[in-house]
Amino acid sequence: MHLSDILRAPKAVLHDHLDGGLRPATIIELAREHGYDKLPTQDPAALGTWFRDAADSGSLERYLETFAHTCAVMQTREALERVAAECAEDLAADGVVYAEIRYAPEQHLERGLTLDEVVDAVNTGFREGERRSGGRITVGTLLTGMRHTDRSAEIAELTVAHRDRGVVGFDIAGGEIGNPPARHLPAFQHLKRHNCHFTIHAGEAVGAESIHEAVQVCGAERIGHGVRITDDITVHEDGTATLGHLAAYVRDNGIALEVCPTSNLQTGAAKDYASHPIDLLRRLGFRITLNTDNRLVSGTTMSREFAHMVEAFGYGPEVFEEFTVAALESAFLPLPERRRLIDEVVRPGYAALRQG
Ligand SMILES: O=c1[nH]cnc2c1ncn2[C@H]1C[C@H](O)[C@@H](CO)O1
Ligand SMILES: [Zn+2]
């Protein structure tokens, strides 16, 4: 599959962090405006490389340290609007037709914004980005509660309050070790009571027990990463595999895994692309979606993730169509809108690709 075809292919991303995907030049400009003087360099190209290298440590905790710089410059209404608008533009330029972008509102209160103001500013920015992209992309947001703080119940209430106005769901993120998802049970119970969607980062730095808790105790509809579900799968010498009860439950219920290969290589959740469990999981019938996680921090785009999969596993357009449809089927968007995107945008887009 050629790079131009990859770029042209319609894509859907369910797992992409707003604060992990800023343009380096924008960070530098906003840092000047904010008087933030802790950036490691003032050169956009060097800053982009710095993020990727700094995040390349093999540890999720070290990976997450780099977000101090991006969050530092996302503290005003103008900055949040700009970053969100540019995010939509960058994704649309990469062929993304539907995106669920997540961020933690609690990390943007340092200069006096309220939680509601943060959400409004981000939504305004996304509407502007969609408009500038000529309506080629639809963006929904997920509000993230941070696992190591105690504001998740409040963020869950914020999610319910802003649902149907740009916010489509909730997530928890941050260091997984020592912060099991069930610590945030009141947040998930609130969302359930209000019939609100949520996903949970699990099975990235901690294994199957974290996924079990996320799915069975907390009730997650999707799993962020989830690649360590392989802890519950035994692959035999002849290539066949036996699934444990958790792996079978996740697969058989079509619980989508939001797989982010490049991010996994950086945080040590996988060794290299060729041995990344995405291909095994796909062959076993798991509902796989392909995602960027953090475009700046992981130095990636949806097209680059596609290209890595082509190289590692020889995937062609039919597999990317499968991932894109799976993402839309698991999106937190009303069913008629998901169907419209699948039938009127994704299927025809891949049909056009096949015709050359
Ligand atoms: O892959 C991740 N795992 C856990 N937490 C993450 C990941 N990527 C980003 N985050 C954190 C850092 C951000 O500041 C926060 C909200 O987007 O979510
Ligand atoms: Zn993530």
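Which residue has a backbone N or O atom 2.9 Å from a nitrogen atom of ligand 1? I looked, and it is Gly174. I keep in mind that this is a predicted model.

**Entry 1: ligand 1**

I went on to the oxygen atoms of ligand 1. One pairing puts an oxygen atom 2.9 Å from an N or O atom in the side chain of His225. Another has an oxygen atom 2.7 Å from an N or O atom in the side chain of Asp293. I then checked how covered the ligand is. Alone, ligand 1 exposes 400 Å², and the protein buries 99% of that.

I counted the neighbours next. Ligand 1 is surrounded by 16 residues. The closest are His17, Asp19, Gln107, Glu204 and Asp293. I sorted the shell by class: seven residues are nonpolar, six are polar and three are charged.

**Entry 2: the zinc ion**

Which residues coordinate the zinc ion (ligand 2)? I found His15, His17 and His201, each through NE2, and Asp293 through OD. The distances run from 2.1 to 2.2 Å. I looked up the angles among the four donor atoms: they span 84 to 169 degrees, and the site is irregular. Along the chain, the donors follow the spacing H-x1-H-x183-H-x91-D.

His17 is in strand S1 (residues 11-17). Asp293 is in the loop between strand S10 (288-290) and helix H14 (302-313). The pair therefore ties together parts that are 276 residues apart in sequence.

**Entry 3: His17 and Asp293**

Are these two buried or exposed? His17 is buried, with a relative accessible area of 9%. Asp293 is buried too, at 2%.

Terms used. Residues numbered from 1 in each chain as written. Chains lettered and ligands numbered in written order. Predicted model: local features only at pLDDT ≥ 70, side-chain atom pairs only at ≥ 80, totals over all residues. Heavy atoms only, no water. Donors = N, O, S within 2.8 Å, 3.2 Å for Na, K, Ca; no water. Tetrahedral: all angles 85-135°; square planar, octahedral: opposite > 155°, others 65-115°. Helix = DSSP H or I, 4+ residues; strand = E, 2+ residues; numbered from the N terminus. Buried < 20%, exposed > 50% of the residue type's maximum accessible area, 1.4 Å probe, protein only. Near = heavy atom within 4 Å. Polar contact = N/O pair within 3.5 Å; in protein donor to acceptor, adjacent residues only side chain to side chain. Areas by Shrake-Rupley, 256 points an atom, 1.4 Å probe, with all protein chains shown as cover. Nonpolar A, V, L, I, M, F, W, Y, C, P; charged D, E, K, R; others polar.
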